[in-house]
Amino acid sequence: MNSTNNKTFSAPLSFGEVPIHREGVRSKSILPKLYQHHYLSTKEAYDLIVSISEEDFSDLQLASILSAFNMRPLHVQELIGFRNALLDLALPSQLSQYQAMDLCGTGGDGKNTFNISTTAAFVVAAAGIPVAKHGNYGVSSISGSSNVLEQLGITFTNDSDVLQKQLETINLCFLHAPLFHPAMKKVAPVRKGMGVKTFFNILGPLVNPAKPIAQTTGVFNLETARLYHYFLQQNPEFSYTIIHDLAGYDEVSLTDKVKIFSNKGENLIDWSAHFKTVSEDAIRGGNTLQEAASIFWDILHQKGSNAQNQVVIANAALAIQTYKKCNLEDAIALAEETLFSGKAQQTLTKFIALAQ
């Protein structure tokens with residue numbers, strides 16, 4: 001177990017509970033400001049999320065707000081306000097004592113890969129690291145983490161006792177985001193209807209109610225990677241690795257070099273010393289939910305292709321390195337042994353039994 005203490009960000013970046021100020025904002029005031037490309041203050045961003053949660057906007061207004069944010073970069077002060085509001089409005093998970101980590105991506109890269117971070121999460125958990133995976137249905141892709149697990153008969157829950165039992169038994173639990181963020185219920189169909197990434201993609205990895213102490217997060221562009229890095233580096237006790245594949249992926253694809261931002265700064269990883277380069281076609285996720293679930297199942301049952309296995313191992317290794325603070329070679333060796341020995345398969349089998 002990593003000895004890192006689960007300390008919180010100092011205000012206003014606190015993981016802790018902050019009283020909710022339900023002042024909100026209204027469309028007449030917020031939309032003109034956004035259309036003029038003005039940035040929101042932290043408080044305005046916080047109040048906007050509260051207003052969305054209280055369904056103060058029509059679907060058309062909400063789509064306009066989301067589209068307006070897509071027209072310009074998100075500012076860190078807005079990210080702070082959005083994140084704090086979502087965590088304040090979320091259902092508590094009572095899982096922070098497990099000092100878990102999360103593996104996730106923003107999505108929105110348009111690459112339609114198989115569920116890489118979800119598959120890697122089972123490898124990491126089987127390697128002895130507690131994982132509280134935060135996930136959702138796919139918005140801009142065919143299959144998100146929730147989709148693929150649902151295809152395997154998983155029942156999602158926000159019951160802390162059930163989630164605690166899963167973590168204690170197999171080192172892994174899954175937090176289906178809509179069950180913990182009911183305030184965002186109205187946003188889901190609008191996001192799905194838009195079919196493109198929004199600032200909620202950026203927020204997703206930052207609002208895990210389990211309050212993990214470590215995280216690997218894939219992002220769809222370097223701009224978002226630097227935004228995350230600026231935000232997360234303000235808490236030196238939080239161990240993180242932000243991943244952007246230079247081929248445009250929000251995860252390690254092994255099709256190109258990978259830009260890494262972490263507690264230690266920036267780095268460019270050339271994976272050719274560890275793995276063979278793979279083609280984009282070799283890591284696609286299929287055209288249906290059934291195909292996505294089948295790929296996920298096959299990899300964890302040692303039936304994946306060489307390219308699929310390598311990509312899972314590379315992503316799992318970065319997570320292991322982030323949590324254990326070991327060198328990358330040792331992390332790769334542990335990920336390989338865990339996948340090919342069947343330990344990850346056993347974790348999946350036990351998870352299905354616990355979560356149905």
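Contact here means heavy atoms within 4.5 Å. The model shown in these close-ups is predicted.

**View 1. Leu149 and its contacts in the largest nonpolar core.** Leu149 belongs to the largest nonpolar core, which has 61 residues. Met101, Val124, Leu149, Trp271 and Phe351 touch the most other members of this core. Helix α13 (residues 306-324) supplies the largest share, 11 residues. Neighbours within four places in sequence aside, Leu149 is in contact with Thr118, Phe122, Ile154, Phe156, Phe174, Phe296 and Phe351.

View 2. Another core lies apart from the largest one. This other core has 46 residues, including Ile30, Leu74, Ala183 and Val190.

**View 3. Packing of helix α2 against helix α4.** Helix α2 spans residues 42-53, and helix α4 spans residues 76-89. They pack at an angle of about 40°, with their axes 7 Å apart. That angle makes α2 oblique to α4. The crossing of α2 past α4 is right-handed. On the α2 side, Thr42, Ala45, Tyr46, Leu48, Ile49, Val50 and Ser53 make the contact. From α4 come Gln77, Glu78, Ile80, Gly81, Phe82, Asn84, Ala85, Leu86, Asp88 and Leu89. By class, the contact of α2 with α4 holds 10 nonpolar, 5 polar and 2 charged residues.

**View 4. Ser160 in helix α7.** Ser160 sits in helix α7 (residues 160-170). Its relative accessible area is 11%, so Ser160 is buried; the cut-off for buried is under 20%. Not counting residues up to four places away in sequence, Ser160 touches Pro92, Ser93, Gln94 and Leu95.

Methods. Residues are numbered from 1 along each chain as its sequence is written. This is a predicted model: local features need pLDDT of at least 70, side-chain atom pairs count only at pLDDT 80 or more; totals for chains, interfaces and linings use all residues. Side-chain values use heavy atoms; hydrogens and water are left out. Axes are lines fitted to C-alpha atoms, for helices over the stretch in contact, and angles run from 0 to 180 degrees between N-to-C directions. Helices (H or I, at least four residues) and strands (E, at least two) are DSSP runs, numbered from the N terminus. Angles under 35 degrees count as roughly parallel, over 145 as roughly antiparallel, 65 to 115 as roughly perpendicular and the rest as oblique. A crossing is left-handed if the near helix is turned anticlockwise from the far one by less than a right angle, and right-handed if clockwise. Ala, Val, Leu, Ile, Met, Phe, Trp, Tyr, Cys and Pro count as nonpolar, Asp, Glu, Lys and Arg as charged, and the others, Gly among them, as polar. A nonpolar core is a set of buried Ala, Val, Leu, Ile, Met, Phe, Trp, Tyr and Cys residues joined through side-chain atoms within 4.5 Å. Buried means under 20% relative accessible area, exposed over 50%, partly exposed in between (1.4 Å probe, protein chains only).
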